[in-house]
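Student: Could we go through this structure together? I would like to begin with the overall picture and then look at some details.

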Amino acid sequence: MNGSVLTANVSTQTAPVRALAPAARSGLRDAAAIVAIWTAVALLSAGFGALNRIYSDQPPEWARLLTLNLLAFELCIPSTLVFVWAVRRWPLGAGRWRYAPFYLGAIPVLVVLKYAIYLPIRLWWFPTPLAQIKSHLIESFFYEGFMLTLVVGVVHAVEYQRSVREGQLRASQLENHLTRARLEILRNELQPHFLFNALHSISTLMHRNVDAADEMLAQLGDLLRLSLERKSVHEAPLREELSVLEPYLNILRIRFGDRLSIGVDVDPALLDVTVPLFILQPLVENAIRHGIDRRAGAGRIDIRARAAGDSIEISVADDGAGLSQNGFREGIGLSNIRMRLEQLYATRGAVGLKGNPESGTEVVVRIPREGNK
């Protein structure tokens, strides 16, 4: 009991730390980038200063220039971090220019604070008569103010680009979530329709052959189990799609017996190609309902998969009654497949119907072999 309580307390205390970790990592990355940038600027400035002294036939004084430049530019790091923090909360822009006085006031204050730290350290490190420095203070003050103004502009530009990228990422994630939600709805529309038909077949068979009905019920259980196991999966290798289809084909074999033969002809090279999961079952069901059930005598269904350029074509053909002369009204199965293909592949996926009266029907689904939208 005590051990359980202790474990619960530890978990409660560590959860906020995990929640803050991403923000802390992001802050550390930003700080490291700012330090690296100002260090690079200091090194470049020291290098140009030394080269200028060499060009003027003076000693380069590498150590002195490097120390002073590192001191001067590294002291810009706190000001930069202040502006990063401020820009993320009060960015300038349309409808937000009221924040401009804050930045205009913050720049001279930060310059004064920087020199309040810089000057004593500089004079202690490299003693220099104050009179020599005074003549450059006003010029340096304006130079530092101009530089911090540029920092504000650069930070705004960087944060604007970041906000654009984050907005695009959020929009992409939202679109992905909406697509997944639509696909889930489309799949859920098919399952009750199929389940009703399967249960109706089982209840009919029960009066004629109890053993066959029992076997059909077992196959239905396998099919529903596979469906639940892959509830959140919308695409899978063709190999998996065929294995998921097998229980349904067994149900049909039990139901129709010798009256139905089923052929599966799939190019082995395509077995690892990704296809929409549970796309074959409604096609086969349509072939039974609109083809085999409407004709007398035995019938046949052929399931094929072939490469077609940069796509794969999956077809389900029957030798049943064929298309009616009065036309064909697209039902739940085909309309559902059409919408799933549109959600997954946009214009790169398609479904077509071919057939004539008394000659059977073939449904062909075209799926891109690589990628989606």
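Tutor: The conversation below goes from the whole chain to its sheet, its salt bridges and its surface.

Tutor: Please note that this is a predicted model, in which local features need pLDDT of at least 70, side-chain atom pairs count only at pLDDT 80 or more, and totals for chains, interfaces and linings use all residues. Residues are numbered from 1 along each chain as its sequence is written, and side-chain values use heavy atoms, with hydrogens and water left out.

Student: How many helices and strands are in the chain?

Tutor: The chain has nine helices and seven strands. Both are DSSP runs numbered from the N terminus, with helices being H or I runs of at least four residues and strands being E runs of at least two.

Student: And what percentage of the residues is buried?

Tutor: Of the 373 residues in the chain, 37% are buried. Buried means under 20% relative accessible area, exposed means over 50%, and partly exposed lies in between, using a 1.4 Å probe and protein chains only.

Student: Which strands form the open sheet, and in what order?

Tutor: The order is E2-E4-E5-E7-E6, and the pairing is mixed. Strands E2 (260-266) and E6 (350-355) stand at the edges with a single partner strand each, so one side of each has no neighbour in the sheet. From one strand to the next, the twist averages 15 degrees. Two strands count as paired if DSSP finds at least two bridges between them.

Student: What holds paired strands to each other in general?

Tutor: Strands of a sheet pair through backbone hydrogen bonds, either parallel or antiparallel.

Student: How do E2 and E4 run, and how many bridges join them?

Tutor: E2 and E4 (residues 299-308) run parallel and are joined by seven bridges. For example, Ser261 has Arg300 in E4 as its bridge partner. Helix H7 (residues 238-256) packs on the sheet and touches E2, E4 and E5 (311-318), and its direction makes about 170 degrees with that of E2. Contact here means heavy atoms within 4.5 Å. Axes are lines fitted to C-alpha atoms, for helices over the stretch in contact, and angles run from 0 to 180 degrees between N-to-C directions.

Student: In what sense do E5 and E7 pair?

Tutor: E5 and E7 are antiparallel, with eight bridges. One of the residue pairs is Ala317 with Glu362 in E7. E6 and E7 also pair in the antiparallel sense, over six bridges, and Gly355 stands opposite Thr361 in E7.

Student: Why is E7 described as largely enclosed?

Tutor: Six of the eight residues of E7 are buried, so the rest of the structure largely encloses this strand.

Student: Changing topic, how many salt bridges does the structure hold?

Tutor: The structure holds 13 salt bridges. The term requires a side-chain nitrogen of Lys or Arg within 4 Å of a carboxyl oxygen of Asp or Glu.

Student: Which residue forms a salt bridge with Glu313?

Tutor: The partner of Glu313 is Arg366, and their closest N and O atoms are 2.6 Å apart. Glu313 lies in strand E5 and Arg366 in strand E7 (residues 361-368), so the pair ties together parts 53 residues apart in sequence. Glu313 is partly exposed at 27% relative accessibility, and Arg366 is partly exposed at 31%.

Student: What about Asp272 and its salt bridge?

Tutor: Asp272 pairs with Arg239, with the closest N and O atoms 3.0 Å apart. Asp272 lies in the loop between E2 and E3, while Arg239 is in helix H7, so this pair links parts that are 33 residues apart in sequence. Asp272 is exposed, with a relative accessible area of 57%, and Arg239 is partly exposed at 44%.

Student: Which residues are linked in a network of salt bridges?

Tutor: Asp30, Arg88, Glu159 and Arg162 form such a network.

Student: Finally, which residues form the nonpolar patch on the surface?

Tutor: The patch consists of Leu44, Phe48, Leu51, Ile54 and Trp62, with about 570 Å² of accessible area together. Patches are made of residues with over 30% relative accessible area and no salt bridge; like charges are joined within 9 Å, and nonpolar side chains (Val, Leu, Ile, Met, Phe, Trp, Tyr) within 5 Å. Accessible areas come from the Shrake-Rupley method with a 1.4 Å probe, and for residues only the protein chains shown count as cover. Helix H1 (residues 2-55) gives the most to the patch, with four residues.

Student: Where is Trp62 found?

Tutor: Trp62 is in helix H2 (residues 62-74), and at 48% relative accessibility Trp62 counts as partly exposed.
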